[in-house]
Amino acid sequence: MRFILSVGLAVPLMLPAAGVAAQSRASEQEIACQLGAAECATAAVKGDAVEEDDGSMVVAGGQRPFCLPGMACARGPAAVPVRPAQRAVAIPGARAELSVGHARPVHRAVRPMAPTSAPGARRPIGTADMALTFANNSAELSPDARGRIATFAHVLSSGSLSGASFRIDGHTNSIGSRESNQDLSRRRAQAVVDYLETLGVANSRLEASGHGSDTPLSGTRPQDPANRRVEIVKK
């Protein structure tokens, strides 16, 4: 009975270590889109068909007329033309002015937001969280941080982003004095800039900036750990 009890007590002590998962890494394509690469905008225009709320379909920038089951509907350049009906067709849930063969013009604008690791926080396109972690009061890059920065270096040297300039923003939470946080955030941002330069990103394209705890993420408290972060911003 004593042996069983000791095992039962040991298992919970091991759970926290086993439950710590490695932070997921964004792919190079995801990073490029977060930073507003032109290739992502082009891909969005040429994306798959999207169904509009009036029943029509947007396909590669064009629009296919609304169709009822059994009707001959336009399916592309070689499709059979659909003649407009002479009267409106009442369809449950549809708008009253909707007529067969008359597609409503599409004026939908896409304004994506970059994903973020903090609940409730939003980052505009052109800004990405580098997801770097540092030891307390340290600006030394860990092997994991160097690996993540290497991914960003490849993105900054590829496609439409290869000629763009970027600002590396260091941030801290509000724990500690404002002066020490300001200095720490600047040193961390500079450490990232220095390492990007060793990976082939021209120093003239990079700028380091420390913000301390002055700009916490939206939806977080200033002291939250999520505010200890390094972001890259397209200038």
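Okay, let's start with Ile168, which sits in strand 7. Keep in mind that this is a predicted model, where local features need pLDDT of at least 70, side-chain atom pairs count only at pLDDT 80 or more, and totals for chains, interfaces and linings use all residues. Residues are numbered from 1 along each chain as its sequence is written, and side-chain values use heavy atoms, with hydrogens and water left out.

When I say helix or strand, I mean a DSSP run, numbered from the N terminus: helices are H or I with at least four residues, strands are E with at least two.

So, is Ile168 buried or exposed? It's buried, at 0% relative accessibility; buried means under 20% relative accessible area, exposed over 50%, and partly exposed in between, with a 1.4 Å probe and protein chains only. Leaving out residues up to four places away in sequence, Ile168 touches Ala189, Val192, Ala208 and Ile232, among others. A contact here means heavy atoms within 4.5 Å. Glu231 is another of those contacts, and although it's 63 residues away along the chain, the two C-alpha atoms are 5.9 Å apart.

Four strands make an open sheet, in the order 6-9-7-8, with mixed pairing. Strand 6 (127-129) and strand 8 (206-210) are at the edges with a single partner strand each, so one side of each has no neighbour in the sheet. From one strand to the next, the twist averages 20°. Two strands pair if DSSP finds at least two bridges between them; strand 7, residues 166-171, is joined to strand 8 by five, and those two run parallel. Phe166 stands opposite Leu206 in strand 8.

On to the helices. Helix 5 (residues 178-198) lies across strands 7, 8 and 9, at about 165° to strand 8. Axes are lines fitted to C-alpha atoms, for helices over the stretch in contact, and angles run from 0 to 180 degrees between N-to-C directions. Helix 4, residues 143-156, packs on helix 5 at about 60°, with the axes 10 Å apart. Where do they meet? Arg146, Ile149, Ala153 and Leu156 in helix 4 meet Val192, Tyr195 and Leu196 in helix 5.

Last, the disulfide. Cys33 is joined to Cys40, S to S 2.0 Å; the rule is a pair of cysteine sulfur atoms within 2.5 Å, and the count comes to one. The S-S torsion is about -90°, so this disulfide is left-handed. Cys33 is partly exposed at 28%, while Cys40 counts as buried at 19%.
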